[in-house]
Every structure is written in structure tokens, then in C-alpha cells.
Amino acid sequence: MRSIYVLLTFFSISLLLDAYVYRILYKIKRSKKPSKVQKRAFWGLNLLGYLALVTLSAVGYDLSDPAFRNIVIGGFGLLFFTKLSLLPFILFDDIWGMLQWIGRKIGWLEQEVKPNSGGMSRSEFIAKSAVLFAAIPFLSLGYGMLKGGYNFQLRKVRLRFPNLPKAFDGTTIVQLSDMHMGSFSDYQAVAKGIEMVNAQNADYFLFTGDLVNNRTDEVNRWMELLSRVEAKQGKFSILGNHDYGDYTQWPDDAAKQANLKHMHAVHQQLGWKLLLNENQILERDGEQIALVGVENWGARGRFAKYGDLEKALQGTENAPFKILMSHDPSHFEAQVNGVKSDIDLTLSGHTHGMQFGVEIPGYVKWSPSSWIYPYWAGLYAFGKQYLYVNRGFGFIGYPGRAGIWPEVTHITLERGEPDPQTT
């Protein structure tokens, strides 16, 4: 019942936006009202979007076909954010026009002079400028839907640590995070991403959570593909906030627990050692390092706190070097940085960089995610400690990526004084 109220509230707000943005058709040309073609195109597209959303809601987000869901959410979102980008221009023009009208009424301004046949009114100029500006989110989000979601990027990171055992000097790690397999529909494109993983010929494969969106069975059709992931020394994983089934309705608690049990079994079937508030001592030539994995723990929002770092660290006291896998980077902020100085490297994901932003190495790195998470993508150094936040392999909600591309991370550990390098 609550979801119905949320949907109705959203529809009401969106319809008010539609009615107000409809004014752009009056402003963009000098005729007193839009043509029949303009009216039908505007309201027809919006009506189609609403009908598609109602259909998706009736089918159920969890149970709907990923391709259908991506088209519906992507198409509606594309229209919604394009209209939203028009809003400030229309609002500015209306407020400016109202102030001028008041000024003329009280005698502060002279009467308005109509433009000649070759001129352009203020409203017309602003409306046409708004349409040009709206093309930016329309084209970028459109490209992100068509190509961006599968535009896998390899990012290489080299990290040096003075306390890294000699036997582990040169160790390579491939990190993936936030696969969200329930969102994918292009099998061949995802297969290319897995090929990129295997091409790194890494010693260890580490997955830092969110294998699915809501239900474990979303991964069923992808099992054979994911089982191809290779690593010479071992494959390890943790759970993310979406892996517990917290964001869907279950008939009873037993069904939810069965879903989580299935999730544990999936990791085992894939050959990924799932670390549930525990650690694995990695050995090489008589030397050891500790790989620590905590369950999801989020310091921001209402994210669940299943993680128990103290429990996960038990037995690692004598390990000279520690790597922590923790899905949410806010966990590092709250319980690791300045608290657990013996954790040398923390690997996280979770933010996706909100799947939208601008990154120009050495110049610009911005995403709306930065408004919520101080550490949202890439490498962060804190003395001899490091946090790396993977931008995610998949997507959820917005069915694509624009500017913040899906990531495969290749990390090389070296012995020496800190000198971090990323490409």
C-alpha cells in the first residue's frame, strides 16, 4: 500500500512539472498557443511514460524483464530530467516578467515595447536557450543508456607499503564491485567485461559486494559467465547492502532467510570464498598477510549495519599487513581511519559515483555522489593507509552511466615507501 502512495505522490509532482514546463511551447514561438502537433507530441510522450511506469509497477520491479525495465525507467527518467532542466529558465522568465509587470503598474518602468517582426522577445530568447541547454542532459543521459552502462574501463593502481612482506612484493589484485546482475540485459557486453578481468592475470580476485539488486535469483542466468572469473591464488568476496534482500517484499521472514542462504550458496558455487565478518590468512614463501572481510556496514542513511569489524579481525594480530574488504566507504570513515591504523588497504564500492558525473584526470572529478560521500570514487591516501572506492561494474535505477564509467580495478602491491600511482 505504501508503494502505491509513493507512486501517486510522484505522479502528482511529475504532472505539475509537466503542466508548468508545457509553457515552454508558448514561449518558444510567437504564436499565442502551441500547434496541435506540438500538443500531441508533448502530452503523448508523457502519457506513454506514465502508462509504462504503471505497467512496470503492476508487474513488479523484481520480476520484470531487465530490458523492459531499463527501457521504461530510462525513457521516463530521460524525459523527466530533461523537463527538470527547463524549469529554472521558465521560472526565471516568469519571475522576471512578473517583476516588470509590477514595475509598470506602479510607474517605475515604462510600458513594454513589443519587438518588431525581425526581433526576438525576452521570453522567446530564454525559451530557445532553455531548449539548447536541455539538450545536454538529454544527449548525455541518452548516450549513457545506450552505451555507457557497458563501457567498462580498466583502472590501474600501484601502491607501495614499507611493511608489505617481501614474498608479496608485486602481488596483483583485480577488484570488482556492485555488479547488480539483475540490471543487465546484454550478455555479450557483460562477457567482454569478464574477459577484461581475466586478461589481467591477477593473483587474487576480490569482489566487494552487491552481486544483485534485490533477489538472489537475479544471478541465475549469469552463473556460467561469472564462473569464468579467474585468479591464480584465490577468489574472495563480501556482501553489499543489496545482497540481503532488504529492499523487496517477502511473504515471510523464512523466505527472506532462504534468499540469503541461496546468496551464500551462489558465492560458493562460483568458487568465491565469501568472508562473513571473518578473515583469510594468505601465505606465500613462509610469509603471511591478512585479508579481512566484513558484512555491510553503512554510517550514512539507513543502510544496515551487519558488519562486525572486531570479530572479522580476530586472529590477524600477528599479520604484518592487512587488506580490508568493506562494501560501504563510510565504514572506513567511521571505524577504520584514525581508529584501526594497522589496516593498510581498504577496498570498497557502493557509491557507483551515482553513475553520473565528470572525470578529467588531473583537472575535474565531480559527481552528485560527492554531496553525500567524501570518499566516493578512486584512491584516497591517509598517511600510510589507503582507501580505494571502485566505481562499480553494473548499474541500478538509472539504466546506464554517463561520465562515471563501469570499472575493473587492477591493483599492484609493492614493497617500498608510499608513492601511489593510478591510471
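1. Glutamate 359 pairs with arginine 155 in a salt bridge whose closest N and O atoms are 3.6 Å apart, a salt bridge being a side-chain nitrogen of Lys or Arg within 4 Å of a carboxyl oxygen of Asp or Glu. This pair links distant parts of the chain, since glutamate 359 sits in strand 10 (residues 358-360) and arginine 155 in strand 1 (residues 153-161), 204 residues apart. Helices (H or I, at least four residues) and strands (E, at least two) are DSSP runs numbered from the N terminus. Arg155 and Glu359 also belong, with Arg391 and Glu407, to a network of salt bridges.

2. The model is a predicted one, in which local features need pLDDT of at least 70 and side-chain atom pairs count only at pLDDT 80 or more, whereas totals for chains, interfaces and linings use all residues. Residues are numbered from 1 along each chain as its sequence is written, and side-chain values use heavy atoms, with hydrogens and water left out.

3. By the rule stated above, the count of salt bridges comes to 16. One of them joins aspartate 246 and lysine 256, with the closest N and O atoms 2.6 Å apart; aspartate 246 lies in the loop between strand 4 (234-237) and helix 8 (253-270) and lysine 256 in helix 8, so the pair ties together parts that are 10 residues apart in sequence. Aspartate 246 is partly exposed at 26% relative accessibility, and lysine 256 is likewise partly exposed, at 23%, where buried means under 20% relative accessible area, exposed over 50% and partly exposed in between (1.4 Å probe, protein chains only). A further salt bridge is formed by the side chains of arginine 215 and aspartate 217 (3.8 Å, N to O), and aspartate 217 is partly exposed, with a relative accessible area of 37%.

4. Threonine 346, in strand 9 (residues 345-348), is buried, with a relative accessible area of 1%. Leaving aside residues up to four places away in sequence, threonine 346 touches Leu324, Phe332, Val336, Tyr386, Leu387 and Tyr388, contact meaning heavy atoms within 4.5 Å.

5. Phe332 and Val336 are among the buried residues of helix 10 (residues 329-336), together with Pro329, Ser330 and His331. The buried residues of this helix pack against helix 9 (309-313), strand 8 (322-325), strand 9, strand 12 (378-382) and strand 13 (385-389). Just after helix 10, glycine 338 adopts a positive phi of about 80°.

6. Lys33, Lys36, Lys39 and Arg40 form a positive surface patch; patches are made of residues with over 30% relative accessible area and no salt bridge, like charges being joined within 9 Å and nonpolar side chains (Val, Leu, Ile, Met, Phe, Trp, Tyr) within 5 Å. Lys and Arg count as positive and Asp and Glu as negative, while His and the chain ends are not counted. Arginine 40 lies in helix 3 (residues 36-59) and is exposed, with a relative accessible area of 62%.

7. As for the protein overall, there are 10 helices and 15 strands, and the C-alpha trace spans about 90 × 50 × 35 Å along its principal axes. Of the 423 residues, 50% count as buried, and among contacts between residues at least 6 apart in sequence, 76% join residues at least 24 apart.

Note on methods. Areas by Shrake-Rupley, 256 points an atom, 1.4 Å probe, with all protein chains shown as cover. Charge placed at Lys NZ, Arg CZ, Asp CG, Glu CD.
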